[in-house]
Every structure is written in structure tokens, then in C-alpha cells.
Amino acid sequence: MKLPVYLDNNATTAVDPRVFEVMTPYFLDVYGNAASRSHPFGWAAEEAVDYARGQIAKLINANSKEIIITSGATESNNLALKGVYEMYAAKGNHFITVSTEHKAVLDACKHLEKLGAEVTYLPVAEDGLIKLSQIEEAIRPNTVLVSIMYGNNELGVIQPIREIGELCKSKGVLFHSDATQAVGKIPVDVIADNIDLMSFTAHKMYGPKGVGALYVRRKNPRVKVTAQMDGGGHERGMRSGTLNVPGIVGFGKACEIAMKEMQSDAERLSKLRDKLENALLQLEEAYVNGSIENRLPHTTNISFKYVEGEGLMMGIKDIAVSSGSACTSASLEPSYVLKNLGLDDELAHSSIRFGLGRFTTEEEIDFTIDCVTTAVNKLRDMSPLWEMFKEGIDLKSIEWSDH
Amino acid sequence: MAYSEKVVDHYTNPRNIGTLDKGSDKVGTGLVGAPECGDVMRLQIQVDDATGVIEDAKFKTFGCGSAIASSSLATEWLKGKTIDQALEIDNMDIVEELALPPVKIHCSVLAEDAIKSAINDYRTKRGLEAIEVKSSH
């Protein structure tokens, strides 16, 4: 077993060697510009892109003409939101989204608010889920778009996408979903789910970084977005820029593999995830954040009360994970996603996200269980808060000094 | 972010973890920080009545590696010092000793606050006036 153990697969995944292998010729041999129509270099590149686009479309039950290639999910989210805002300005200016969305959605919405958009940010329940009735009540005559993520990046919680899609369709409102964490991990079907626009990316599903896609529906209804990148008019005029041919080829292969192996991966990983989770919940005062019933098979987010997240991360330095405390990113703000579930700051600070992946082994999970258990116990032994808890002192009754 | 070797050493082998009898009039206790800020330090000193020398010091800390190391180092430095000498400990000494990066300076500030707060608790118990703690932040 190689250390550190990588359990941060919600941040990014390793490239599958089978993906890497199909990409290599497109760096050195087939290096043409897919937009060059006048010679075989361009034709070969275009052919490779077309093939990959078909693989990508198939995974989400779309048509290849509906796949707009981007640089990744952040760009896809920006293109979807800003592109719809501009294209449908005559129809209305109201967007609906959720407070636990990724920053790429929330900050794009904030940007649009400055330009005159009205945005409703719906709160989630304690389990991280949104209720259909909340969306229904928020829809107004001038609502253009509902944007709700498929699976949450910090919690793994899966929103009731199919029901939301149906509701939006019945109300004549466009529906965008940031499906970055879901595509390739669970079955995602844009037809059955009534999704009009969907963002996803290669590097969360064992493909390369720097390539993603925006699904834009072409029928019932025909959806269009205003380009946010002007230039040669690539991607049906919605996203200019020379195509990243090796990246797209890799993305296609990653989708093809996911199509075949998603189910067996999910079954294996949910078993390992549950093993990890059940073992860690043997510790006192450990809690799973977010819905346990509706979530991605490879993710769990656990709070260990009375130990601090960054201190814990240091104690488990042989395991690569993410903490709910953003101390690591120089600001002392705890995760807004966890806070939106109603968690106290102290619990949000003490949470760890474990993201398993295709290459995670049982040996690594056993090692993780031992390592985390030891670190939590050690830190609690030196935690004044744990001592107070054990003495029955209510931490809320203490007047803490701010600093 | 990479931690300095000294921070790692204090985190891995913390000195003087523990609890002194906070009811004793020889013991001063300082509890600083707040759980929602992600740092709480409790630092205790036990003072020899006759000499005024700190004969024992213990800590418990909830926080990051730098916070744990700052308080661990503080207890090491406190032992054997008189109260007056202990008051001389400046947070920047801790920063220097542990090579704390700028984002972790607040951990050293908290340790200095904990020292002063423990000393004041001891002084108050002895019927002495509390020393004005000049907040350095």
C-alpha cells in the first residue's frame, strides 16, 4: 500500500490508465486542429472529437450535437447561467438556486445580480435536501431558470432531480443541473430527468483535467445560450476556442468506461464507504452530515465533535482528505455547505470528507479506520472541550473570549 | 501548507498535556479562544508559594497543529520561570521558535493570552490585582 492514501476523489480523480493510453497519440501524432478542414491532420482530429462526443453523449442519454465542450464544470456552469440570462432576457430575469451549490454557480448568480438578475437562494433542510414545494413556491412569472446540483460536492447528497425536472417542465422554466459529482458515478439520464442544461467534467470521473461539457437540449424545448467566449464560432457558436483534442478523447474514453463499470464501481465503493463510516461512528460523538439515504455511493462526510478539523488533518497526514474547516485555505471560515445544514461552527470545523474512488482498496480503508480512530482519540485526550464534555459542562454556557 | 519540524515535533509529542487542580490556590488557569473560531487553549500554572517560581505547567488545546505546538511550547518555557519572567514571554518569541507562517500568528497570540490569563487567575486567587493584558491583536 502506497502512502498517503488518496481519499479526496470528490476533488479530483486519478486518470484511468486506459484513458491515458488513448490520449497519447493525440499529443504527438494526431495533433491537428479539429477545425482545420483542409487537410488530413484536421480531419483526423475532428473524427476523434466526433467519436468522443458520441461517447460523452451516450453516458447521459443525449445526442452528440447537444454536447458543448468546455474547459471544465466551472466554465460550463458559467456558460449555462450567464448564457441563459442573456439569451432569455426578454422572457424574464429571475433565477432560482440553492444555498449549498458550488461556488461556480453561486458566484455566477451573484455576478448576474449585479447585472440586474433577481436570484432566489433556497435553503436546504438538515439533511441537505431541497423540497419540491420550496421550488414550486419560488417560481414566478418571470422565472427563467432553476439551477440545482445533482450530487453535492461536500456531502454527496443527491437532490430529487427527476421530480425537479418534471416540475420545471410543467411550469415552462428551464432546468440546469451541475452534475459534476454525479455523472459517471450514478446513472444520469437527461431525458428521463427532464434536464435542459447540465454541467459535468472529465477529471471527476477518471478523465483528464481541463475538459468538461455543457449539455444543451436541442428538442422539447430547443435551448440556446449566448456565448461567453467569442471567437471562431466553435461548438455551434456557443463556445469558441480551439478544441482540446487529447483531453476530449480522454473524456470520451472515461465516459465509455464509466458506462460499463459505473454500477460495479458503485456497489464496491458503497460497501467500502459503509465499512469506513460504520467503523468511525463507533467513536463517541461522531456524526454523518447530510442525508444517508440519498447520496453518492463513494462519499461520506463525518464530524468528530470536540476535535478541530485542521488538527485532525495533521494527525491523519497519511490520508489525503478535505476538511470542512477552511482554515487550510487561510481564511478561518467553516464550510458554508455545512453551516447551511444548521451545523454549529465548531461541528463544521471538525468535519472530514472522505471520497472513495475506483482505485481505493479495502486495505486502504482498513488503514484509514485505524489512523482516524487513533488521531481522534489522541486529540480528544488533549482537547479541553472533550474534558468539559466528559465532565458534563455545557459548552454553550461558557463565555468564550473572541479573538 | 507544510508545518515546520518543531511544530510537527510538538504536535506528535506534546509536552505537559494534562490538568492541574483548578481549585487549588497555587494553581492559575487560563481558558482562551472559542470553539467556533476553531481554537481553544487551556493553560495552567502551579506556583511555588515561597519562591514565586512556576513549578509545573499543563495545557489542553482544541485547535490546529500550530495552536497545539504554541501551547505545548508555552508550558515548556513557563516551568522554572518566575511570574515576572513569565510575563515577558511575547507571542513573537513563539512565532520565531516554531517558524509559524503569517496565517498562524493568531495561535501564538492565543498562547500569550493564555499565559497572561493563567497568571491573572493565580494573582486574583492570591488577592493581588490582575495585570492589565494588553491585547496584541
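His94(A) is buried, at a relative accessible area of 0% (buried means under 20%, with a 1.4 Å probe and protein chains only). The model is predicted: local features need pLDDT of at least 70, side-chain atom pairs count only at pLDDT 80 or more, and totals for chains, interfaces and linings use all residues. Residues are numbered from 1 along each chain as its sequence is written, chains are lettered from A in the order in which they are written, and side-chain values use heavy atoms, leaving out hydrogens and water.

His94(A) sits in strand β3 (residues 94-98) of chain A; strands are DSSP runs of E, at least two residues, and helices are runs of H or I, at least four, numbered from the N terminus. Its side chain makes a polar contact with the side chain of Thr120(A) at 2.6 Å. Another, of 3.5 Å, joins the side chains of His94(A) and Arg140(A). A polar contact pairs N or O atoms within 3.5 Å; within protein, one must be able to donate a hydrogen and the other to accept it, and residues adjacent in sequence count only if both atoms are side-chain atoms.

Now the interface. Here 32 residues of chain B are in contact with 27 residues of chain A, contact meaning heavy atoms within 4.5 Å. Tyr11(B), Pro35(B) and Phe62(B) supply 25% of the area that chain B buries against chain A, more than any other three residues. Buried area is the accessible area (1.4 Å probe) that two parts lose on being put together, summed over both. Between the chains, 12 residue pairs are in polar contact, both at pLDDT 80 or more.

Notes:
Buried < 20%, exposed > 50% of the residue type's maximum accessible area, 1.4 Å probe, protein only.
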